[in-house]
Amino acid sequence: ILTLKFLYNISIFHLELAFKVLSWFNDKIKRGLEGRKKSLEIVKSNISKDDKVMWMHAASLGEYEQGLPVLEKLKEKYPNHKVLITFFSASGYENVVKKNKEDILCYLPFDKKSTISEFVKAVHPEIFFTVKYDFWYHLLDELKKINAKVFVISALFYENQVYFKPQGKWFVNELKKNVDWIFHQTEKSLSLAQKVGLTKGSVSGDTRFDRVKQIKNRDNFVEFISEFKAEKKLLVFGSSWEAEEKMAQILSQKLENFKILIAPHDLKRVQNLKQIFPSAILYSELKSNYQLPNTNILIIDCIGLLSKLYSYADVAIVGGGFHDKGLHNILEAATFGVPVIFGNQYKKNPEADALIAQNGGKSFAQVELAADFVIELAQNQNLLFEMSENAGNFVHSQPNSSEIILRKILEIVKL
């Protein structure tokens with residue numbers, strides 16, 4: 001065990017070192033590194049020793065969205081508690097800090113014992129929860145020392161994680177010792193956890209369903225999109241990578257009754273997209289000069305609109321599934337009753353299999369096959385209608401996970 005702890009500490013040292021080296025070449029990593037230097041100061045200036053505190057940790061933006069329904073319910077229950085939200089990634093922090101002005105936001109410091117110990121003591125939370133599987137040994141250990149109640153929500157364990165290998169036994173023991181309850185997304189995740197002795201857990205489903213139900217019920221108006229769509233159907237490429245852009249190329253030449261909207265996963269792709277689609281217009285051009293040109297292709301060159309844009313879609317192609325980087329959020333489209341098409345590399349996304357099983361979405365190994373199916377949808381109104389209904393029903397028939405989680409947390413916390 002001492003050897004494994006030593007190796008863990010060495011790995012954290014190397015992680016911090018890697019950030020320092022990469023920060024010379026990557027501006028996002030540099031901003032994250034600089035942000036971490038301010039974390040303790042942010043906490044100390046916003047939290048006094050007499051404050052009651054709840055703390056949510058989210059690795060990035062997706063986990064934040066996943067944790068938000070639970071956090072909102074806890075805020076309703078404990079309105080006098082201050083709320084800290086920490087992030088590991090710059091993309092998560094930078095997206096949320098712009099719109100969340102009521103909570104305390106900062107980066108999670110690197111998991112070094114002395115650093116984390118001081119940070120946890122400054123926060124002194126009564127309730128802490130992390131989303132999905134962002135576990136840090138010293139963090140969990142220090143939280144237990146101050147008697148915080150510690151939870152994992154929307155947990156998703158799968159076979160090839162380190163916890164199910166001999167070298168992961170030490171960390172499993174730490175989870176047993178330091179975590180009060182694990183809320184699993186699936187029965188399979190719970191079963192895997194129980195096999196290694198993580199018995200304090202239950203299946204509560206995926207809180208992202210709660211989040212996308214909220215998204216559907218808000219105001220999803222986006223300026224100029226109805227005018228761009230006009231009388232045609234709209235194909236939305238959300239968080240697109242190169243593979244999805246290739247698909248957009250194919251479909252732009254074969255679909256006459258559809259308009260195409262592309263929101264790339266990275267705004268650096270915008271210039272490439274302009275080269276691929278020279279007749280396309282940028283969303284910023286519409287905003288700066290309201291004049292709809294005669295084009296069927298609109299490129300979104302700003303962030304923060306995608307979940308609203310899906311409300312205008314007739315079919316959605318969600319990026320990330322044609323390679324191993326990870327499928328982006330398909331539920332944001334499905335909640336609006338939109339059939340979702342994506343690549344077949346999504347082993348960490350059980351909701352993708354479930355959506356396919358309900359015939360609200362389809363995955364393909366090849367871009368060309370996916371494009372052929374979209375053409376089939378365009379030509380078959382009955383199939384399009386059926387898949388649209390199935391996608392919406394799939395999301396809205398899911399249990400209210402955050403309510404299930406809240407009841408159990410209140411049972412354990414007893415504040």
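Predicted model: local features only at pLDDT ≥ 70, side-chain atom pairs only at ≥ 80, totals over all residues.

A: Residues are numbered from 1 along each chain as its sequence is written, and side-chain values use heavy atoms, with hydrogens and water left out.

Helix α10 spans residues 207–217; helices (H or I, at least four residues) and strands (E, at least two) are DSSP runs, numbered from the N terminus. The helix is mostly covered, since eight of its 11 residues are buried, where buried means under 20% relative accessible area, exposed over 50% and partly exposed in between, with a 1.4 Å probe and protein chains only. The buried residues are Thr 207, Arg 208, Phe 209, Asp 210, Arg 211, Val 212, Lys 213 and Ile 215.

Two packed helices are described by the angle between their axes and the distance between the axes. Here axes are lines fitted to C-alpha atoms, for helices over the stretch in contact, and angles run from 0 to 180 degrees between N-to-C directions. Angles under 35 degrees count as roughly parallel, over 145 as roughly antiparallel, 65 to 115 as roughly perpendicular and the rest as oblique.

With helix α4 (residues 61–77), α10 packs at an angle of about 80 degrees, the axes lying 7 Å apart, which means that α4 is roughly perpendicular to α10. On the α4 side, the contact (heavy atoms within 4.5 Å) is made by Glu 65, Gln 66, Gly 67, Leu 68, Pro 69, Val 70 and Glu 72, and on the α10 side by Thr 207, Arg 208, Asp 210, Arg 211 and Gln 214. By class, this contact of α4 with α10 holds three nonpolar, four polar and five charged residues, where Ala, Val, Leu, Ile, Met, Phe, Trp, Tyr, Cys and Pro count as nonpolar, Asp, Glu, Lys and Arg as charged, and the others, Gly among them, as polar.

The other partner described here is helix α19 (residues 381–396), whose axis comes within 9 Å of that of α10 and crosses it at roughly 120 degrees, so α10 is oblique to α19. In this contact, Phe 209, Val 212, Lys 213 and Lys 216 of α10 meet Phe 394, Val 395 and His 396 of α19, and by class the contact has four nonpolar, one polar and two charged residues. Phe 209, Val 212 and Lys 213 are also among the buried residues of α10.
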